[in-house]
Amino acid sequence: MVCRLIRIYGIVQGVGFRPFVSRLADRYGISGSVCNKGSYVEIIARAEEPVLSDFLHAIEVEAPERSAIVKVKVMDSPVDISIDSGFKIALSKHEEGQIFVSPDIATCPDCAKELFDKNDRRYLHPFINCTQCGPRLTILDSMPYDRVKTSMAGFPMCEACSDEYSDINSRRYHAQPVCCNDCGPELYTLVGRASESDVQDMGTDSGRPEGAYGAAALLETRAVIRNGGIAAIKGIGGFHLCCDAANEAAVQRLRQLKARPMKPFAVMMRDLEVVGRECRLEPEMEPLLTGPQKPIILIPRRDDSAAPENADSKITDFRIAASVAPDNPNLGVMLPYTPVHLLLFNYPDDEPISDVLVMTSGNPSGAPICMNDEEALKYLSPMCDIILSNSRDIRIRADDTVMAFYRSKPYMIRRSRGYSPLPIVAKSESPHAVLGIGGELKNAFCLGNKGLFYPSPYIGDMADMRSVRALEAATTRMERLLEIQPDIIVGDMHPGYNTSEMARVIAEREGVPVMEVQHHHAHMVSCMAENEYDGTALGVTFDGTGYGPDGTIWGGEFILGDEKGYERVGSIAPFIHAGGDIASREGWRIAYSMISTALGSEAANRIGETLGLGDEKGRQSIDFMLGNNINTVKSTSAGRLFDAVSAVLGIKSVSTFEGEASMALQIAAERAEAQGISLAPYEGRLMNIDEEQFELCTDTLLMELAARSLADQDTDQLAYFFHKALADMIVIACCYQRTRCDVNVVALSGGVFQNLLLLRLVDDGLEREGFKVLKHGVVPTNDGGIALGQAAAGIAALRDEEQNEE
């Protein structure tokens with residue numbers, strides 16, 4: 001007989017791990033205990049050596065589906081126990097170490113089945129959960145993960161739930177959010193169009209809000225949606241705005257109220273059959289769509305919306321309204337992931353509603369997702385007819401995760417619910433802790449400690465002070481949850497960003513230094529860290545805007561370096577960005593500026609009039625700025641180049657949301673590729689070289705496109721022509737740089753590489769040339785991923801400083 005102390009590290013809290021170990025010990029006749037230590041689960045086990053070996057093997061191969069074991073340590077136990085003492089789940093104890101917090105988990109099939117079982121005591125219970133599903137991060141106050149440390153602490157278990165919680169044979173054995181209709185949170189409605197006094201009354205002791213409760217609240221919300229209304233619905237990590245996605249008038253009204261004229265809405269579909277009816281679902285997408293994360297996945301829609309031949313006859317004739325995703329071949333699709341969502345689609349003995357619902361983030365433009373009644377009444381009530389809320393508090397915001405698929409693998413667009421704060425494992429462990437504050441757009445921050453990097457849920461755009469406040473609150477909470485006290489705060493070097501100021505504020509508050517990392521260097525290091533690569537690489541970092549140390553706007557960059565530093569070795573051809581922020585939204589201004597710089601104002605005005613680049617007054621104002629060097633700055637922004645090309649080709653001259661013109665250009669190019677390429681490859685000069693760095697000839701490429709557009713060549717074909725020419729330029733530039741520095745590794749990062757056509761053309765070209773290509777997958781390539789690069793660069797700087805001191 002031997003006694004062993006076993007420590008299990010990973011996602012082992014909030015996933016039924018201790019009950020699983022207890023049942024396993026009972027099966028093998030093992031005495032001892034299992035305890036949650038916060039940063040790991042500790043097992044003391046006494047049995048014969050072969051039995052313990054089998055027990056350990058069973059732990060690794062039979063672990064709960066939602067768990068993730070990172071490492072296992074086995075050692076002799078410092079205490080001995082009696083063989084006949086049995087096995088118990090001990091009270092949680094807190095110890096420092098690596099922390100793993102489970103993200104929120106979608107409703108599991110077993111709970112979904114019980115939800116609609118009339119003989120089950122949780123029949124139609126809108127908060128049903130078990131050890132394999134339910135809220136985790138968004139209800140957690142502190143580790144270890146116990147009920148008293150969550151927002152469920154205010155809901156004492158009834159006797160029946162308590163019995164299940166204590167029953168080793170129950171699916172809810174030590175399920176911390178366990179509850180039922182008798183003891184759990186409650187649904188209720190708030191009236192849309194709230195008055196100022198309603199908002200001011202929130203948070204007072206004036207009693208329960210007026211409105212329907214329980215089943216009545218859900219039925220009332222269903223009726224509003226069925227009748228073409230808009231509902232704000234509280235989910236796991238915040239509110240959604242919801243309407244019938246098959247009702248064109250309802251969708252148009254939501255667009256008007258949310259001031260979102262064109263940006264696609266996410267759609268929640270009842271089940272896989274409906275997804276198959278509306279979209280061309282690829283086999284590799286299904287496990288994620290139906291799994292425990294249930295992200296929003298970008299899926300090609302069916303051209304004719306015709307149901308496949310094997311469609312179930314129970315599917316109704318509802319169809320997605322055109323205004324859900326205007327002029328877009330893809331739909332952002334997710335399946336119901338909470339009991340409330342399931343009940344919205346299917347409620348016994350009630351009239352049916354649409355099997356496709358718009359389910360878009362509940363927030364004003366630019367602000368973070370609303371997370372409580374006060375925010376919902378203040379910001380969402382003007383946009384909806386009813387608010388369906390509940391009495392379970394959300395501790396931290398977590399918007400929906402969004403992903404595409406590239407080469408049959410997930411390609412993250414927005415990392416949030418279901419994924420955060422799952423850590424990215426560093427190639428080497430460090431004793432230092434760091435906070436990367438993230439980008440100004442699509443903000444998410446990243447905490448690093450003991451060889452793990454924890455990306456936060458998505459926050460939002462930092463131009464809105466509500467997002468800044470949300471960022472500050474979230475960093476404080478995540479530092480407490482993960483028990484991380486940063487040794488350094490890392491932000492962007494742009495002096496005017498709110499995130500840069502926030503980095504300085506937090507650093508001063510916590511008494512630690514602040515470090516600045518150039519935007520595109522952070523992009524490159526993020527890609528390297530995700531791929532566990534710590535050597536020298538050539539970063540191809542293409543995006544919209546990044547502050548250049550030379551005072552210009554960077555965005556189409558080739559940088560050579562590692563985590564510690566970089567050298568700018570090339571870029572796209574610089575152009576004059578005239579007109580400030582408005583030119584970032586109106587691509588025709590960039591296009592005209594480039595043409596006027598190349599040909600002069602007189603010729604540019606004739607071309608601009610023919611191509612529809614603004615009006616005469618607008619073109620004259622740009623020429624005035626160019627001639628007098630007013631409101632102008634030199635730029636190498638690849639994002640603005642795409643906008644300019646979109647305008648020159650007559651595809652999209654003005655964007656109502658970030659990336660709209662570039663997205664339309666990509667869609668046109670993909671149409672041409674699907675129909676067959678008819679244009680010969682670009683034969684113009686690809687790059688210019690001097691002693692210090694090279695430039696891609698993107699300025700002459702734009703002029704070539706303008707000439708071809710004036711000659712009435714096919715727009716879609718020209719869109720593909722541009723993508724292919726730019727990809728060829730990038731590949732040739734990488735080959736040239738390899739001859740100069742003998743680096744064979746290329747990291748592709750930046751928001752422009754959300755364009756999967758460009759990504760594929762560049763990736764294929766580099767692989768043909770024998771490069772090792774690093775790409776993103778589980779971390780966004782856009783600004784939502786740069787916090788990882790900031791954090792990794794911060795750790796490298798601390799490590800370097802430590803080595804220099806030695």
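A polar contact is a pair of N or O atoms within 3.5 Å; within protein, one must be able to donate a hydrogen and the other to accept it, and residues adjacent in sequence count only if both atoms are side-chain atoms. The model is predicted: local features need pLDDT of at least 70, side-chain atom pairs count only at pLDDT 80 or more, and totals for chains, interfaces and linings use all residues. Residues are numbered from 1 along each chain as its sequence is written, and side-chain values use heavy atoms, with hydrogens and water left out.

**View 1. Start of helix α11 (residues 373-380)**. Helices are DSSP runs of H or I, at least four residues, numbered from the N terminus. A side-chain oxygen of N372 comes within 3.3 Å of the backbone nitrogen of E374. Buried residues (under 20% relative accessible area, 1.4 Å probe, protein chains only) in α11 are D373, E375, A376, L377 and L380.

**View 2. The largest nonpolar core**. Such a core is a set of buried Ala, Val, Leu, Ile, Met, Phe, Trp, Tyr and Cys residues joined through side-chain atoms within 4.5 Å. Helix α12 (residues 465-482) gives the most, with seven residues. Apart from this core lies another, of 74 residues, including L560 and C734.

**View 3. Strand β21 (residues 514-517) at E516**. Strands are DSSP runs of E, at least two residues. The C-alpha atoms of E516 and G436 are 9.8 Å apart, across 80 residues of chain.

Definitions and conventions: Buried < 20%, exposed > 50% of the residue type's maximum accessible area, 1.4 Å probe, protein only.
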